[in-house]
Structures are given as structure tokens and as C-alpha cells.
Amino acid sequence: MAAKKLPRWRGSTAVLTASLVVAAGAFAIVLLPAPTGAAPWVSGARLDPAVGARAVPTVANSTPVLSPPTATVSVGLGPVNATWDPATGEVYFANSYDATVSVVNGTHPVATVSVGAGPVDTVLDTANGWVYVSVPGSYSIAILQGTSLKGTVPLGTAPNDLVYDPASALVYALDPAFDEVSILNGTNVTATVMVGETPVAAAYDPGDGFVYVADQGSGNVTVLNGTSVVATVPVGVHPSAVAFDPANDGIYVANSGSDNVTLLMGVATIGSVAVGDHPRALAVDGSSGLVDVVDGSSSSVTVVRGTNVVGTATVGAAPYAAVYDAENGLVYVANHGSSNLSVLRGAEVLGQLATGFNPDGGVVDNATGLLYVGNQGASTVTVYNGVAALPTVTFAGGVGAELFEASNGLTYVADPSSGNVTILGASGVVGILRVGTDPVALVQDTANGEVYVVNEGSGNVTVLAGTGVLGSVGVGAGPTSAAFDPANGLVYVSDGAGGNVSIVNGTNVAGTVRVGSHPGTAAVDNATGAVYVPNTGSGNVSVLNGTALAGTVGVGSSPSNATYDPFDQEVYVPNAGSGTVSVLAGTTVVATIPVGSAPGSAIYDPATGGIDVLNTGSANVSTLVNSTDLGSISLGGAAPIVGIFDPSDGLLAVATSTSRLVEVGASEEVDGVALPGAAFGLAVDEARGTVLAGVPSAGGILPVAPSAYSVSFVETGLAPSTPWSIDLAGNNATTNGSTISYTEPYGSYSFSVPAPSGYAAYPSLNSPAVLHSESVQIGITFRPLTPHTVTFAEVGLPAATSWCVTLVALACANTSTIAFPGVDPGTYPYNLSTVPGYRTTESGNITVGASNLTKTVRFTLVKYTVTFAEAGLPSGKGWKVTFDGVTRSSSSRAVRFQVVNGSYAFTVHPLRGWGSSPTDGLVDVAGAAVNTTITFAQTTYAVTFTENGLANATNWSLTVRGVTYWSGGASTIVVQLPNGSFAYAIGPISGLAANGVPHRAHVVHAPLAIAVTFRPTE
């Protein structure tokens, strides 16, 4: 096999990014490995429990360095909800303060599409690639195909929130003003469904195919299947957000009025959990089952799993929304009040990122890893690309017995001397949990993120979820290792002292299987679900299937661990005592391969599709592919202690006995870094592209940095010999030549360009520039400053309406444009004055470049809600109101309209058998919502009962609808009755009987006369 070409340490995947701002502003360069996805982090071999003192750790450098924005993109007024199209890579922002949708790709605006007044939400139909836009100001849905308006679907209602059902290719449009959901298929409205009061949010559940609609006004969730209502489920007060969690197939509902979250599964309520004040948004981590609840009034995020609170994080002011990034496992919280993002991993706040004014939400481009944040108050979109390096975490004493990196981004360190597990995040210690005696190994359930801690001294396993303990289960006399089988969700715990394997399901033992002497670390065949347990003392491997022993296979001397190769679907077992590796397929040894002396660990290498074997006795690494030894790589006399595959560069990281961390490839050692002491545990932080080394003698878990790189800034545009300078992270350099160079390790570095007098500086970055263990060059173009004219052009005001704008001064006009001449290049704030009856953005920033600039500002008529509320009708009775020429019907209590200021006529449609008060009138709208009550009362008719056969002045009686009426000696009794059929009875009179009673009176829209005849009884 030919040797592969090997890059230097992680240099082949580092990325250079920067924020493109204006002249003489601040910029940033990021020397980072490119993200490789959200795969679970990999654990190395356990640390030596005999090394180092144990103590509660302390944290150094606890504030992480977060990457600054990559770019700021100008869009329309008030960008809010966004949708990413994976087919084109384009992101669609609804501009709530004007009539457009902005389309952005990467860091560049692509198009602006006019859609109608006040768009508020977008959703992608993945079946046809169309983007649907709710436009409540125009009572319609706009449909975009790419950057073109395909068409507009009038609804007659005011749609807000949108949700897409990919199974049936239906789009659901929620109308909180009219308590309706319009369902679209393509460009057709297939149905309109009445739901609860004020539907404000919805989510689709791919498990049952239902759409769950949060009805804020009525405190329930309406469950829809296609166009049918399946159920109405009560939740909390004012449900405001709803989200689907794929980890448990549940629906979470945030109730802003009762400060709790309700968990539904199907139409069943599982329970509720109390959170912070006014929860208004949800972000779901589908891999770990964690749900971040944005508590808008308490400036916090409550992290829950199921109906349990995992932790609470303090964020910025007035958090509005949150978005989960599956690539790095982070949650970004948009703080509307403090104009920044809080970056969270679980309940841990990693830091803050600056945004534009009033961020209102975001979306992640899963193909590029870019995060887009819409700044509603600034009419811009801020683009980010990742997070920078993990800080060093140091301990007062030695490190614990094992280092493990879980897929939730936390590092778990088991300490055998204290019986604790210390949990580390990017900024330091996030928790210390008491487990059992002498914890020696950890394994993660990749399905739900739970961590199993093997406690050798107390003979049990402790189960952790995030930063909490779920429980413990007894497993044997001296358990030493564990393996997780994703095929059945079971954990297999090897009891080295008892010769058994305990099979654990959650906090219960599902079975115990007798194996050989001193069972070691098992391997799981992901294709068959079989579990291979090497028995060190008996020189064989026990093969388990579920909870049963399927067979025993003899191998070499002292096998202590096993590794599964998914490429050839075989299991590799190093035999430390015989210097060989046994290769198993099922219960058959298909090959025995001589390697080096005392092979200790076998590690799967997906870059080669083979197995790397650490030969402790011969100080080398053997590479096996398809049961063939391709040769060994010498480590220069240094014994390999522990190794791990690093997917960020496709190399094997090996800690050696000479306190070095080296990376090796298929045929050679690639690079080496000196450590402050011997490392006995390794893990990979894939989000940052670093190898984490547990070094007991140095008392820390160290992120090992790659080699340093050259970063050169090259200028063009200055006159010869003109001095210019760069400030890179506080390190200033000046030259009158064309180039300034630095040598830096990977990391995130801010830089600024103080432009010479009379010039503006414009950094030029490849998008992005990729590091290959060679120098990176950034062009700086200087351009002479030339004043330009900035023109504001208004749209939406009637002709001759006066309006004002402040840029460098206040200017007003009753024409459609206002111009400011002589403005130098730079970034300037501007303000628009309020025009009565109209809405527009109050402030923003404008960037003047190398030419004149025209800025369009849009004014939109302010509309107010007019509500007609009925009283007196039975539940479900339909009624109609015509208001300003528009007729709306309802079978619920309220009918709503939205209009601008003015006086409007209304008419209540007559209901047969009912009268209304009022029947018509005028409604005056003057800067506020208006409520009008329509009282209905049933129409009644006179029913006259006339007797004959009684003596004059005889007092007789009639009973109808439970009320008895007396004649007082008259011959008639008159009763008012509505339409219907009513039983009546004539009161008895001694010696006489009324004919044919009891009877029924049938009232049908008219008065009625009924004769009552009395005859003597026989």
C-alpha cells in the first residue's frame, strides 16, 4: 500500500476568517481547524490511577476566546425570521418593517424581493424548493422560487407563524387575529381550520405526522393531522413556543403565562417543569435530548431534559430567541435588549458575541457552518463562523483516572481517590459529582448522551446525564471497563475480579453472563450487534449476543482489549503476551498477525480503513489493513502509552513515555509536541480541532496546540514609501514597504488597520482562506478618501408628506428624497423621525464606501385590531359581521379585523330566531385597538292558550318550561316562547279534565293560538 501524503499538524484544515467592516475599524483573523461535524468525541485509554495526587480542580483562563463576526450584511428594514435552503445555500430573511425579503448567500446579499406589507415569517417547502412568506399586512402568503416572486396567495386573514409538513408537502399558516390555520398545497389553499384562541406557534412531529399549534389565548395545543383536528390538549397559561425533540419523540410547549414547559407525546401530557419568567422560545439539541428554554423576562436560559431541570444559565437582557448548531453542539441565544449573543453548551455560558442592534433570531447553514443573525433594529445580518480555542484547565493536584469527551461537549474526568467525576466545559469546571469508590472507566450511550461510570472499588456503575446523576446499579466484585452497544442500547460491564459481564439498561441490570478469567475492554460489532469480551487470564474471547453467550474463541496470550473495524467488519484483539493480533469474524479466527512486542491497544483509523496497534515493548506503531501488516512506524525508542484518532487531520495522536505527543500517518511520524509530563489519557475536541492530553504531573488537561503559522499583510494603493501599520492582538508593526508579517499559533486574533491620513483601508480575504501548514496572505487595499453624497429615498408615504432624517445633521423635506452632500467614507448612525400613522425603523447604521450612496427607507401604515365579541349565543353558533365592506364569520366568540386610523361602518348579519344589539354602527380607530361587544338574544313569540268549558272567573293554570302561569279568572293565558317544541301541562281542576294534555306547543317563527277544553270527568 502506497504511503499517503501527510499534512503537518492540523494545518490542512485550518480556516482564516475575518469580519469585513469599514475603514480604520477593527477586524479579526481566525486561525482555526475547520469544523468536521457533530460526531461524538472519542475517549482514549484510562489514566493510570497510581499517578499523581487528587484534589478538587481549579480553573485557569476561564474566559474562552470566541470568534468575532465574519461579516455584516445590509438587508431590508427589521429582518426577523430566516430560512436556509440547503439546495442553493441561500438564506431568506423576512424584513418586518418593509415589504421585502432579503436573500443572502455566505457574506453577500443576493437579492431583495418585494412580497407585501410587513412580512414576518419564512419556511422552505423542500418538495419543490419554494420559500413561503407570511405577509399579514397584505393578508396573503408570498411564494418565492429562488430570488423571484412566483406568486401571491390571498387568504383574507393575517398569517403570522408558518410550519411545513414534509410528509404531505403542506404549509400551515397561523392567523392569531382570526383563530384560524390556513393549509396550503403548492399555490392552493386546501382548507381553513378553526383552532383555539390566538394561535402563535407550531411544530411538526415527523414521528406521528401531526402539527402541534400553540393557542396562546385559550391555553391549549390544537393537534392537526393534515386538515383535520385530532385533539385539543390543555397545557399552561399563554403557550408561546412549541418544538419537537427527536431524542424522545416529544413536543415541548413553553407557557409564558405560567412560567413552565409542558412535555407532550402524541396527544398525551407527560408532565410539566417550572422554568424562568416568561419563557418565549425553545432550542432543541436532538443528539443529547437537552432543550434550552429562553426565559425572556428573567434574562436566563433553563436547560431541561424530559421534565427535569438540568441547569440554568444567565444570559443577556431580554433574550428573544435561540438556535442550536448541530455542528458544534452550541446554542446561540439572541439577547434583544443587550444586542449580543450568549453562547451556551448545555447550561454553561461560554461567552458573548457582539451583534447589531436588537438581534431577533438566527439560522445555521449546516453545509458551511455559518450562523446568520438578523438584527431587527439595525437592518443588518451578522454572520459568524465558529468558536475559537478551548482554554487550558488546570488542577490543584493530579488529574483523575480517566478522561472522556462526550457528544454534549463536556469532558468527564473520573478521580479514583476521591470517588468523584469532575465535569469540564470550554470555560472550566461546570460540576463535580460524587459517584462510587475507585471510578476507573467511562462510556457514553450515544443514543441519549448518558454517561456510565464504572466504579471498581464499590462494584457498581453510576449513570450521569449532563451535569446530574440519574442513579447507580450494582454490577459485580471489581468492574474495570464498559462498552455500549448501539444496536440494543445496552451497556456491557466487564467484571475483572469476578469473571462476569453485567448487562446494564439505564439503572437496571438486564442480565449477567459468565465469561473467562479477568475480562477486559470489550468491542461491539456494529453490523451484528455482537459483543466481543477479551479474557486476559484465560487467553480467549467470549462472544455475546444480547444477554446470552454465543461462543468462546481461543486467541493469543493476555488479550486485554478488542477493537471493531467497520471497514472489513472484523474484530482485532492484541495479545500482549504473544506479540500478535488475532482477527475475528463472528466466532472464527480468520488471521493471526505478528506485530511488535507487548501490543497494548488497537485503534481504528478511518483515514486508512485499518487498525493502528501500539506496541509498548518495541516502541512502534503497526498499521493493519484487511488482516495485512503494512509495516510499523518507529517512535524513536519512546514507548507508546495511549493513542487516539484525530479526525480533524486524519492522523493518529500518540502520547509516549518521553512526554511527547506525536502524530503518525500510514508510513511516518508527522509531527511532535513536547508535553510538561507523561500523558496517560487522550481525547479529541473536534469542535476546535485540538487533542486534549491528561498530564498528571502537570496537574492539568491540556489542549495541545499545532505548529505556528505565518500571517502576512500585503498592501496596495499607497504612494511609495508611505508608512502604514497593522495591530494584531495588541502587537503593532509599522513599515513603509509593502508587507507586514507575523508568526502565530492557531487561534482567534483581532486586528486593526490604522489607515494613513487621507486613505481608507479595506482588508481582502479569500472566503475563506485555507491554511495548509504554509503562510497565509491577507491583502490590504488603501483608497483615497473622497466625500460622497448620501441620499435617503422614502417609500410608502403619501405625496407631500413631511418627514425627517438625521445623519450628520437633521434634515426634513416633503419630497421623496433627502440628500446629505460631502460625507466622508465611514460608518455613521442615522435616525428617522416618527410620522404619525406610519411605522418605520427608528435607527440604524449606514456605511459610505467609494461612491455616492442611496439608502431606501420604507414607511408602512400602522394597522390596529378591531374586535367584535359576541355574548349570548350558545357555544359553536355561527355569526357574521360586515366591517368596512369585508364580511367575516365565526363559530367562536370573536371576529377580528385590522385597519388603519379612521371611522368605519359595521353591520351585524341577522340570525333567524335571534336579535342583536347593536345591529349596526360606526367604529372610530384612533391609534389603538378597539373592542365592541355584540349582544344576542333569542326572538320570542306570543303563544295564547284559550280555555272553554269552565265557569266564568275560574282561576286555571298552565305549566311550560318549568314555570307555572295562572289566568286570574281570565279565559286566556299568554306566554312568550322562542322557536322550538315545548311540552306544557294544564293544572287539574276538581271534576274536570283538560282535553289531551299534556301537549306540546310548536313555535315556528310566528305567534301561536292553542285551545284548551275542559270536560267533566266520568
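**Chatting through the predicted model**

Colleague: How many disulfides does the structure hold?

Modeller: The structure holds 1 disulfide. Keep in mind as we go that this is a predicted model.

Colleague: OK, which cysteines form that disulfide?

Modeller: C804 and C812 do, with their sulfur atoms 1.9 Å apart. Those two count as a disulfide because the sulfurs sit within 2.5 Å.

Colleague: And what's the angle about the S-S bond?

Modeller: 110°, and the link of C804 and C812 is right-handed.

Colleague: Is C804 buried or exposed?

Modeller: C804 is buried, because its relative accessibility is 16% and the cut-off for buried is under 20%. C812 is another story: at 45% relative accessibility, C812 counts as partly exposed.

Colleague: How many bridges join strand 76 to strand 79?

Modeller: 2 bridges, between residues 803-806 of strand 76 and residues 826-832 of strand 79, which run antiparallel. T806 has N831 in strand 79 as its bridge partner.

Colleague: How many bridges do strand 54 and strand 55 pair over?

Modeller: 6 bridges, in the antiparallel sense, with strand 54 covering residues 580-585. A585 stands opposite T588 in strand 55.

Colleague: Switching topic to the backbone. Which peptide bond is cis around P918?

Modeller: The one from S917 to P918, with omega near -5°. P918 sits in the loop between strand 89 (914-917) and strand 90 (920-925).

Colleague: Why flag that, and positive phi values too?

Modeller: Because most peptide bonds are trans, and most residues other than glycine have a negative phi.

Colleague: So what is phi for H518?

Modeller: Near 50°, a positive value in a residue other than glycine. H518 lies in the loop between strand 47 (508-514) and strand 48 (523-524), and H518 is partly exposed because its relative accessible area is 48%.

Colleague: And where is H1005?

Modeller: H1005 is in the loop between strand 98 (999-1003) and strand 99 (1008-1016). Its phi is positive too, about 55°, although H1005 is not a glycine. At 29% relative accessibility, H1005 counts as partly exposed.

Colleague: Last thing, the inside. How many cavities of 30 Å³ or more are there?

Modeller: The count comes to 3 cavities of 30 Å³ or more. The second largest cavity has about 60 Å³ of space. It is lined by 10 residues, and the closest to its centre are D285, L290, G329, R345 and G346.

Colleague: Which strands supply at least two residues of that lining?

Modeller: Strand 25 (290-295) and strand 30 (340-345) each do, for the second largest cavity. By type, the lining of the second largest cavity divides into 4 nonpolar, 3 polar and 3 charged residues.

Terms used
Residues numbered from 1 in each chain as written. Predicted model: local features only at pLDDT ≥ 70, side-chain atom pairs only at ≥ 80, totals over all residues. Heavy atoms only, no water. Buried < 20%, exposed > 50% of the residue type's maximum accessible area, 1.4 Å probe, protein only. Helix = DSSP H or I, 4+ residues; strand = E, 2+ residues; numbered from the N terminus. Pairing = 2+ DSSP bridges. 1 Å grid on protein atoms, 1.4 Å probe; cavity = no way out; pocket = protein on both sides within 12 Å on 5 of 7 lines; lining within 4 Å. Points joined across faces, edges and corners; volume = space filled by probe spheres on them. Nonpolar A, V, L, I, M, F, W, Y, C, P; charged D, E, K, R; others polar.
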